[in-house]
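Reader: Hey, I've just opened this one and I'm new to it. Can you walk me through it?

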Amino acid sequence: MENGAARTAPAVIVAIDGPSGTGKSSTSKAVAAQLRLNYLDTGAQYRAITWWMVANGVDTDDAQAVAAAADKPEILSGTDPENPTITVDGVDVAGPIRTQEVTSKVSAVSAVPEIRTRITELQRAIAAAAVTGIVVEGRDIGTTVLPDADLKIFLTAAAEARAARRSGELKDSDVKATREALIKRDAADSTRKTSPLAKADDAVEVDTTDLTLPQVIECVVTLVEEKRAGK
Ligand SMILES: Nc1ncnc2c1ncn2[C@@H]1O[C@H](COP(=O)(O)OP(=O)(O)OP(=O)(O)O)[C@@H](O)[C@H]1O
Ligand SMILES: Nc1ccn([C@@H]2O[C@H](COP(=O)(O)O)[C@@H](O)[C@H]2O)c(=O)n1
């Protein structure tokens, strides 16, 4: 090595996509923390812009009105996997973006092309600035946002397993209603014209139905390490 310079691992970009409740956030955060990478929750960005639309009286079913407002809010994502943050115009919205109201409206807002253009630009800038690398999770990361990612993972799980996981998180929710809501959101996200939820051709599919979260994390860490080792 010249001039005694320390050898550092090259930045690695990992894209993790999949339907709702497959374990993208839990897995991505843990993998990023373990490998000392940054972490970006792109669903939180779409939720944040949806929250702003609702807070500012924009009809989220009116695509033209949503498009006209797409550039207005300033959305900032903190990418420390131990403490991911999301603010809109300086306001911490980590809690408000998880309400039922935002969850029920986010698919309509995220289907608007002007919204996707805006948020995709933010995502690419964040990934480009990640010196050691980043795990980016969402729906279209491997297909559209970062098509040159070093590793692409597509997580899946049976709807029953996903609903049971989510019902465990939500007070007063029954599994059947949760399952129906998940399926409805996935259908909307998969059938929109612009950048739908889809597995990239070169993504590794991991079915998490019968795996514990630690098993999924271990599987993805191994895939990243193999990729780094050039296997
Ligand atoms: N393999 C697993 N086994 C059991 N529970 C899991 C597993 N993976 C994730 N979970 C749990 O399922 C719930 C949903 O996980 P998570 O939020 O990571 O999914 P997601 O794919 O990011 O969902 P969304 O796209 O809706 O944000 C969480 O409570 C998480 O702890
Ligand atoms: N790359 C992405 C990520 C998310 N979305 C939209 O946001 C919604 C919320 O995502 P969560 O991961 O927080 O559940 C999701 O249902 C999509 O409508 C997206 O379009 N692209």
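This is a predicted model: local features need pLDDT of at least 70, side-chain atom pairs count only at pLDDT 80 or more; totals for chains, interfaces and linings use all residues.

Reader: ok, which residues come nearest to ligand 1?

Author: Ser20, Gly23, Ser25, Ser26 and Arg165 do, out of 17 residues around ligand 1. A residue is near a molecule or strand if its C-beta atom, placed from the backbone, lies within 6 Å of it. The elements that give two or more residues to that shell are α1, α7 (159–169) and α9 (213–228). Helices (H or I, at least four residues) and strands (E, at least two) are DSSP runs, numbered from the N terminus.

Reader: And what does the UniProt "binding site" annotation cover?

Author: The UniProt record, an unreviewed entry, puts it on Gly18, Pro19, Ser20, Gly21, Thr22, Gly23, Lys24, Ser25 and Ser26. UniProt positions are given in the numbering used here, feature names are shortened, and annotations may be inferred rather than shown by experiment.

Reader: Let's zoom in on serine 20. Where does it lie?

Author: Serine 20 is in the loop between β1 (12–17) and α1 (24–35). Glycine 21 belongs to the loop between β1 and α1 too.

Reader: Why does serine 20 count as buried?

Author: Because serine 20 has 23 C-beta neighbours inside 10 Å. The rule is that a residue is buried if 20 or more other C-beta atoms lie within 10 Å of its own, exposed if 12 or fewer, and partly exposed in between, with C-beta atoms placed from the backbone. Glycine 21 is buried as well, with 24 other C-beta atoms within 10 Å.

Reader: What is serine 20 in contact with?

Author: Leaving out neighbours within four places in sequence, serine 20 is in contact with Arg162, Leu182, Arg185 and Asp186. Contact here means that two residues have their C-beta atoms, placed from the backbone, within 7 Å. With residues up to four places away left out, glycine 21 touches Ala157, Arg162, Arg165, Arg166 and Leu182.

Reader: Switching over: which residues come nearest to ligand 2?

Author: Gly43, Tyr46, Ser110, Gly138 and Arg139, from the 15 residues around ligand 2. Two or more residues each come from α2 (42–55), α4 (100–110) and α8 (175–191). α2 gives the most, with five residues. By class, the shell around ligand 2 has four nonpolar, six polar and five charged residues.

Reader: Now the strands. How many residues of β6 are buried?

Author: Six of the six residues of β6 (residues 133–138) are buried, so the strand is largely enclosed by the rest of the structure. Gly133, Val135 and Glu137 point one way from β6, and Ile134, Val136 and Gly138 point the other way.

Reader: What joins β1 to β6?

Author: Six bridges, with the two strands running parallel. Strands pair if DSSP finds at least two bridges between them. Aspartate 17 has glycine 138 as its bridge partner in β6. Strand β2 (residues 38–41) also pairs with β6 in the parallel sense, over four bridges, and there aspartate 41 partners glutamate 137.

Reader: And β7?

Author: Strand β7 (residues 151–156) is mostly covered, with five of its six residues buried. β7 pairs in the parallel sense with β1 over four bridges, and with strand β8 (residues 204–207) over four bridges. Phenylalanine 154 is the partner of aspartate 17 in β7, while leucine 155 partners valine 206 in β8.

Reader: Last one: how many helices and strands in the chain?

Author: Nine helices and eight strands. Of the 231 residues of the chain, 38% count as buried.

How values were computed. Residues are numbered from 1 along each chain as its sequence is written. Chains are lettered from A and ligands numbered from 1 in the order in which they are written. Ala, Val, Leu, Ile, Met, Phe, Trp, Tyr, Cys and Pro count as nonpolar, Asp, Glu, Lys and Arg as charged, and the others, Gly among them, as polar.
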